[in-house]
Amino acid sequence: MDTGRKICDVLKTIRKQIAEMNDIVYEPKVCHYKGHCHGSCPACEAEREYIESELSFRKSMGMKICVTGVALGMLTSPYNVNAQSHLDTPVNSTFFNKQKSSDNDNIPQDSVLIKGCVKDMLGIPICEAPVITPDGRYLTSTDIEGNFSIYIPHDSPLTVRYVGYETKNYSFGDLDLSGTNVLYLPKAEGVLLGEVVVVRKKNVRKEIRRIGRIRRREIKYNKRKGKASFPGGDTALQMYLANNTHLAEIAQNESNVPAQVRVSFYVLGDGSLADVKVLNQCPLRIKEEVLRLVKSMPKWKPATDSSGYIVADLVELSIKVKGSK
Amino acid sequence: MKLTKVPLIAISRHRLAIDGKGITTLVGFHGCPLNCEFCINKRSLAMSPICKISVSELLDRLMVDNIYYLATGGGVTFGGGEPLLFYEFICDLMAVMPKEWNITMETSLNVPLDNLKKVAPCIHEFIIDIKDMDSTIYKKYTGKNNNNVLSNLKWLKDNGYSDKVIIRIPLIPNYNTKDNQIQSMAKLEEMGFNRFDKFQYVIR
């Protein structure tokens, strides 16, 4: 998405939030313009003027209006993300940590560096997405390539969000501390490119049920249609796992090693893998090796839905740990 | 003498957390005391500005995005060029603009101390591009000495503004090295600053 369209989407979402907070009936127009977007156009300006006139009207009637801070969490990225991305150190997060430390020296001694990349369903990087701890003390944002790095306290979960996408929470155990975490953000229901679906308050429950039905149907279709697959099929996958694993050697020096390790991940539209997660309890070195093994796989063949469109697909694998005790 | 109209090179709206919190409008002033080889806004040094604008005209241009500033905690960023050359105009503007706006000042700080003293109380965030703390490197790159920069930084620290300051320390090809960058940062830390934005110039 070009920068102009992204700006347009953000402004539209802000207008929508202001309208909702002040009970203003507002339905953004569907944009069909195919050329380069500058972020705002006469149609967008007219919508802004409409919101402003509605706010003025409410104010003149002695009603309380609510604008300040309604979209405060949307734009948390610090300065000049693109310029900072040339550095090999996690500048964004240290920038904020330093700021906090000047107040009360609160940086935990056991903070951990988490590196990663945020992508959408098709594997396209999402830039300027806030990456934040739940208490809001540690935050950074992705650069133009979707990459981020952040110091967080040990055991702290991490939240990733972006306008128009579902917010995702990652527990500390889900994060790979030594490698790169590719994080997948699915599109939020009801938000499409260039338009915002507005639901009347009284119809919200009905709408939630409707979306639930559609989702169940989609999941069913996705299962029936082309699922994501390893290039060369299951046999090639088993061969890859057998030829590239060091699990057996590592397992010899570890105790409480399970017979097999279950791992889940999303296959994105470009065949890359995201949200790679070890599902069962196992020693740290085993977990690291499984993550390395999965992340170094060649690109998968992506899944398609009933209409033939490429979709992200959740895959679960069981990897045998030979020689487990 | 008060300036009724000031020269501008640009008013850039709807900037998403690029040079200040939330949604900001960048007001780029014309004119700069420095003459850097890799100036990011060459237009600021051109013979004539893009436009001249009065306080009320600029306020009208800024007010259109008032709801976005308020909703996101954003506001106005003064850049350029060197905005502190027009400190009187900025003071006049800040006297009439909504107090909730977040005001950011992007400056080289190479201006007389009086300019800084006047505006400093109204600024929420300073982004200061110090180029390099080494005076030889600074002079070679900008054509000017950095005595003003150093004394103004000291004034900011002594008057309790250091928490509002982010210092940009660029890695400038052919002029300084990563070691110079680290040394600059160490000197600034010694002075009492702790928020830095280290980055590299990419020459195209």
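Helix 5 of chain B is followed by B:Gly143, a residue whose phi is positive, near 80°. Helices, here and below, are DSSP runs of H or I with at least four residues, strands are runs of E with at least two, and both are numbered from the N terminus. This is a predicted model, in which local features need pLDDT of at least 70, side-chain atom pairs count only at pLDDT 80 or more, and totals for chains, interfaces and linings use all residues. Residues are numbered from 1 along each chain as its sequence is written, while chains are lettered from A and ligands numbered from 1 in the order in which they are written.

Helix 5 itself spans residues 135-142 of chain B, and its buried residues are B:Tyr138, B:Tyr141 and B:Thr142. They cover an arc of only 80° around the axis, so they sit on the same side of helix 5 of chain B. The arc is taken from the directions that run from the helix axis to the C-beta atoms. As for burial, a residue is buried if 20 or more other C-beta atoms lie within 10 Å of its own, exposed if 12 or fewer do, and partly exposed in between, with C-beta atoms placed from the backbone.

Chain B as a whole has seven helices and eight strands. Of its 204 residues, 49% count as buried. Two residues are in contact if their C-beta atoms, placed from the backbone, lie within 7 Å. Among the contacts in chain B with a separation of 6 or more, 76% are accounted for by residues 24 or more positions apart.

Helix 1 of chain B also has its buried residues, namely B:Val55, B:Leu58 and B:Leu62. Their arc around the axis is only 70°, which puts them on the same side of helix 1 of chain B. What do the buried residues of helix 1 of chain B pack against? Their partners are strand 2 (23-29), strand 3 (51-54), strand 4 (75-80) and helix 3 of chain B.

Helix 1 (residues 55-63) and helix 3 (residues 87-96) of chain B pack at an angle of about 55°, with their axes 10 Å apart. That makes helix 1 of chain B oblique to helix 3 of chain B. Axes are lines fitted to C-alpha atoms, for helices over the stretch in contact, and angles run from 0 to 180 degrees between N-to-C directions. Angles under 35 degrees count as roughly parallel, over 145 as roughly antiparallel, 65 to 115 as roughly perpendicular and the rest as oblique. Helix 1 of chain B passes helix 3 of chain B in a right-handed crossing; a crossing is right-handed if the near helix is turned clockwise from the far one by less than a right angle, and left-handed if anticlockwise. On the helix 1 side of chain B, the contact is made by B:Val55, B:Leu58 and B:Leu59, and on the helix 3 side by B:Phe89, B:Asp92, B:Leu93 and B:Val96. Six of the residues in this contact of helix 1 with helix 3 of chain B are nonpolar, none polar and one charged. Nonpolar here covers Ala, Val, Leu, Ile, Met, Phe, Trp, Tyr, Cys and Pro, charged covers Asp, Glu, Lys and Arg, and the others, Gly among them, count as polar.

Helix 1 (residues 3-21) and helix 2 (residues 42-60) of chain A pack at an angle of about 20°, with their axes 11 Å apart. They are therefore roughly parallel to each other, and their crossing is left-handed. A:Cys8, A:Leu11, A:Arg15, A:Ile18 and A:Ala19 in helix 1 of chain A meet A:Cys44, A:Glu47, A:Arg48 and A:Ile51 in helix 2 of chain A. The residues of this contact divide into six nonpolar, no polar and three charged.

Some backbone details remain. The peptide bond from B:Gly80 to B:Gly81 is cis, with omega near 20°, and B:Gly81 lies in the loop between strand 4 and helix 3 of chain B. B:His14, in strand 1 (residues 5-16) of chain B, has a positive phi near 55° although it is a residue other than glycine. B:His14 counts as buried, with 22 C-beta neighbours inside 10 Å.
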